[in-house]
Structures are given as C-alpha cells and as structure tokens.
Amino acid sequence: MAGRVVNRFRALLGRSPGEALVNATCSEFEVNKWVLSEFVLQDLVPVVGIHPFPLDELLLMAGAVCRFRPRHVFEWGTNIGASARIFFETARRFCLETEIHSIDLPDDADHVEHPRKRRGILVRGRKSVRLYQGDGLEVSLRLSRDLDPSIPLLFFLDGDHAYESVFSELTGIMEKRPGAAILVHDTFYQSPDSGYNTGPWRAVEDALRAFPRCYARLSTQTGLPGMTLLIPDAAGSVGRE
Ligand SMILES: C[S@@+](CC[C@H](N)C(=O)[O-])C[C@H]1O[C@@H](n2cnc3c(N)ncnc32)[C@H](O)[C@@H]1O
C-alpha cells in the first residue's frame, strides 16, 4: 500500500517506480524521505511498532544511518532492543556494513527501567548486533578506543535521561570521538510548568555550548518524546549520502 502511494508520487514527478530521488549535490544533512518512509512503514513499523519511537523519530534514526553509513553504532540502553533492531534493520535494508554494539546496565544494577530477563529480546541471535553490560559511555569508549578516527561512528543515547548523565555522555563522546554523529532521545522541550523532564534537552544545549561550532543540530519538533541528531562539522559536507 505505502509502496503504491510512493510510486504515485514518483509518477507525478515523472520518475519510474522504485527509482531513488537523490540530490547528489546536497551540502547539508539530507536523505531521501520517499525511500525512507517506504522502508519505515513497510519494514520497521511491523517489527518495532511506534513506541518508544514515533514515526518522525524512526525516520531520523534510519536517516542518520543512511546518511552517515556508520561502521559501528554504539547505543544504550539496550532494554528490549527496539533501537538496536532499528539500526540493524536499516543497515540490512540498505546493505551497509554496520555493527551494532548495544549496552545496558549489569543485572544487579538498580534502575527503574532495567529490562532484566527481557534484555535485548528483539535482537538476540542477530549476527551484527553485540550485547554488553556496563555503563554505556564507559563500554562504548573502551570499544571504540583503538578505532581509526576516519571510521564513521554513530552514538545513540537513550539511558537514564537525567541531565547529569546525558551531559557527561555527550561531552565524553565530543571529547573522545569528535567525528561521530550523535542521536539523543527524549529531547523535546517543554516549559518547566509542564513538570516534564527537560534533562536531555538542557544537556544538549549545554554540551553544544561547551563545544561551540562543532556540531549542527537537527531535532524533531512536533511533540514528545523527541529526538535530536548532532552532526559533526566535517560530516555535513557534500557527497556522504
Ligand atoms: C528508555 S530505556 C531504552 C529503550 C531502548 N533503547 C529500546 O529501544 O528498547 C532505558 C534503558 O537504559 C538503561 N540504562 C540506564 N542507564 C544506563 C547506563 N548508564 N548505561 C547503559 N544503560 C543504561 C536502563 O537499564 C534501560 O534499559
């Protein structure tokens, strides 16, 4: 169904069914939303649903993978593995050689969202997905320590959503892996009287202030929970798509 609608738009633009509509000279973050929407609706939503990532966030996650073609994705927390599965499915669909490293806290950790026995159930047995236990920042920086700086990396932060931890995760990555793209979940801004946790939003603001002119920011703006993509300066250049 979604494919037929997309093909109708292609026909309106004088393109043949299935043909990609690519701006090969784009100079900023740009992805082919026709192709991505088709993939999100046909392949991702049936597998991962739209919770905790609504459609605009699924598009941003899949778009970031297509745009940056990361050799490694480091992501936490794993929980049941929805985000890890999204990165896995996107890399598979677009034939990218991407390994996904997904981290959650140890079994004896006391965290309200700890998945216990359900940790990583959506990605178990997937060859290019590796599961770890520990602190997300610590484990990912250890795993990426010896990688050549030119290797494209994507980090995905979806841990405990407190200002302090997200700020230290962001600045830790910015300091140690300055070329990496970073996605942060739960960043939609709400005014203080809403009572909503603005920790991740504030952490992004302050981290960008601590590393001025190093990243471009792209955020979903239509509602909760919200997601932000931080694009390292060098990655915004032409020809990475
Ligand atoms: C909102 S859930 C993540 C949802 C997950 N990304 C998914 O798509 O299914 C938050 C997870 O982060 C984990 N967590 C919290 N702090 C962490 C940390 N410092 N390092 C790794 N995982 C952490 C929690 O145990 C919990 O499973």
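Modeller: Strand 4 (residues 153–157) and strand 5 run parallel, joined by four bridges. Strands here are DSSP E runs of at least two residues and helices are H or I runs of at least four, numbered from the N terminus; two strands pair if DSSP finds at least two bridges between them. This is a predicted model, where local features need pLDDT of at least 70, side-chain atom pairs count only at pLDDT 80 or more, and totals for chains, interfaces and linings use all residues. Residues are numbered from 1 along each chain as its sequence is written.

Colleague: Which residue stands opposite Ala 181 in strand 5?

Modeller: That's Leu 154. Between strand 4 and strand 5 the chain goes through helix 6 (residues 163–176), in a right-handed β-α-β crossover. Right-handed means that, with the strands pointing away from the viewer, the path from the first strand over the helix to the second runs clockwise.

Colleague: And which way does strand 5 pair with strand 7?

Modeller: Antiparallel, over four bridges. Ile 182 sits opposite Leu 230 of strand 7 there.

Colleague: How many residues of strand 5 are buried?

Modeller: Five of its five. Buried means 20 or more other C-beta atoms within 10 Å of a residue's own, exposed means 12 or fewer, and partly exposed is in between, with C-beta atoms placed from the backbone. Ala 181, Leu 183 and His 185 point one way, Ile 182 and Val 184 the other.

Colleague: OK, new topic. Where does helix 2 bend?

Modeller: At Val 40, by about 40°. The bend is the angle between axes fitted to the seven residues ending there and the seven starting there. Val 40 is buried too, as are Leu 36, Phe 39, Leu 44 and Val 48 in helix 2. Just after helix 2, Gly 49 has a positive phi of about 70°.

Colleague: Which residue other than glycine has a positive phi near 55°?

Modeller: Cys 95, in the loop between helix 4 and strand 2 (99–104). Asp 186 also has a positive phi, about 70°.

Colleague: Last one: what kind of peptide bond joins Leu 224 and Pro 225?

Modeller: A cis one, with omega about -5°. Trp 76 and Gly 77 are also joined by a cis bond, with omega about -10°.
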